[in-house]
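Please view the sequence and the structure together.

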Amino acid sequence: WGLVCLYLPPQQWDQPAYEGLSRFAGQNAWGIFAAGLGCCRMTALFINGAMRRTPHVRALGAFLTAFIWLQMSFALMTSPTLTISMAIYPLLFIADIYNVYRSSQDAAKSDQRAKATSGVPDHAASAQY
């Protein structure tokens with residue numbers, strides 16, 4: 001979506017369907033944010049498990065991507081013209097909310113494993129925070 005957004009002709013971005021997004025940021029800002037976020041998510045998924053914090057990165061990436069789909073859904077809902085895109089963006093939002101939930105579970109398990117292997121008692125670890 002980010003790459004398509006970057007290469008979309010400016011006159012396409014001026015359509016009423018994108019008016020809601022334009023209130024927040026311009027076409028290039030949305031494209032760079034989405035493409036960069038997608039690259040970060042793919043990298044975290046590729047190295048998943050090799051580094052302890054990758055589930056945390058996956059959860060944050062899914063949360064931020066859900067924000068994009070939510071904004072896109074709101075922009076389309078407030079648009080004076082109804083487009084077929086309303087059939088997909090809310091579903092992408094729901095899918096990424098589920099991804100937040102699942103990757104958060106993975107992050108909690110990763111934290112529990114790290115705590116168990118560190119040898120620090122529970123009461124000492126909680127005193128640090």
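## Terms and model

Contact means heavy atoms within 4.5 Å. The model is predicted.

## Helix 4 and its cover

Helix 4 covers residues 27–46, 20 residues in total. From its first C-alpha to its last, helix 4 reaches 28 Å. That is close to the 28 Å expected at 1.5 Å a residue.

Which residues of helix 4 are buried? They are Gln27, Trp30, Gly31, Ala34, Ala35, Leu37 and Ala44. Their cover includes helix 1 (2–7), helix 2 (10–13) and helix 3 (19–22). Helix 5 is also included in that cover.

## Helix 5 against helix 6

Helix 5 spans residues 54–77, and helix 6 spans residues 89–118. Their axes come within 8 Å and cross at roughly 165°. Angles over 145 degrees count as roughly antiparallel, and the two helices are therefore roughly antiparallel to each other. The crossing of helix 5 past helix 6 is left-handed.

The residues of this contact comprise 16 nonpolar, 7 polar and 4 charged.

## Phe24 in the loop

Phe24 sits in the loop between helix 3 and helix 4. Is Phe24 buried or exposed? Its relative accessible area is 56%. Exposed means over 50%, so Phe24 is exposed.

Leaving aside residues up to four places away in sequence, Phe24 touches Trp30 and Gln71. Trp30 is one of the buried residues of helix 4. Gln71 lies 47 residues from Phe24 along the chain, yet their C-alpha atoms are separated by 9.4 Å.

Notes: Residues are numbered from 1 along each chain as its sequence is written. This is a predicted model: local features need pLDDT of at least 70, side-chain atom pairs count only at pLDDT 80 or more; totals for chains, interfaces and linings use all residues. Side-chain values use heavy atoms; hydrogens and water are left out. Axes are lines fitted to C-alpha atoms, for helices over the stretch in contact, and angles run from 0 to 180 degrees between N-to-C directions. Helices (H or I, at least four residues) and strands (E, at least two) are DSSP runs, numbered from the N terminus. Angles under 35 degrees count as roughly parallel, over 145 as roughly antiparallel, 65 to 115 as roughly perpendicular and the rest as oblique. A crossing is left-handed if the near helix is turned anticlockwise from the far one by less than a right angle, and right-handed if clockwise. Ala, Val, Leu, Ile, Met, Phe, Trp, Tyr, Cys and Pro count as nonpolar, Asp, Glu, Lys and Arg as charged, and the others, Gly among them, as polar. The expected span of a helix is 1.5 Å times one less than its number of residues. Buried means under 20% relative accessible area, exposed over 50%, partly exposed in between (1.4 Å probe, protein chains only).
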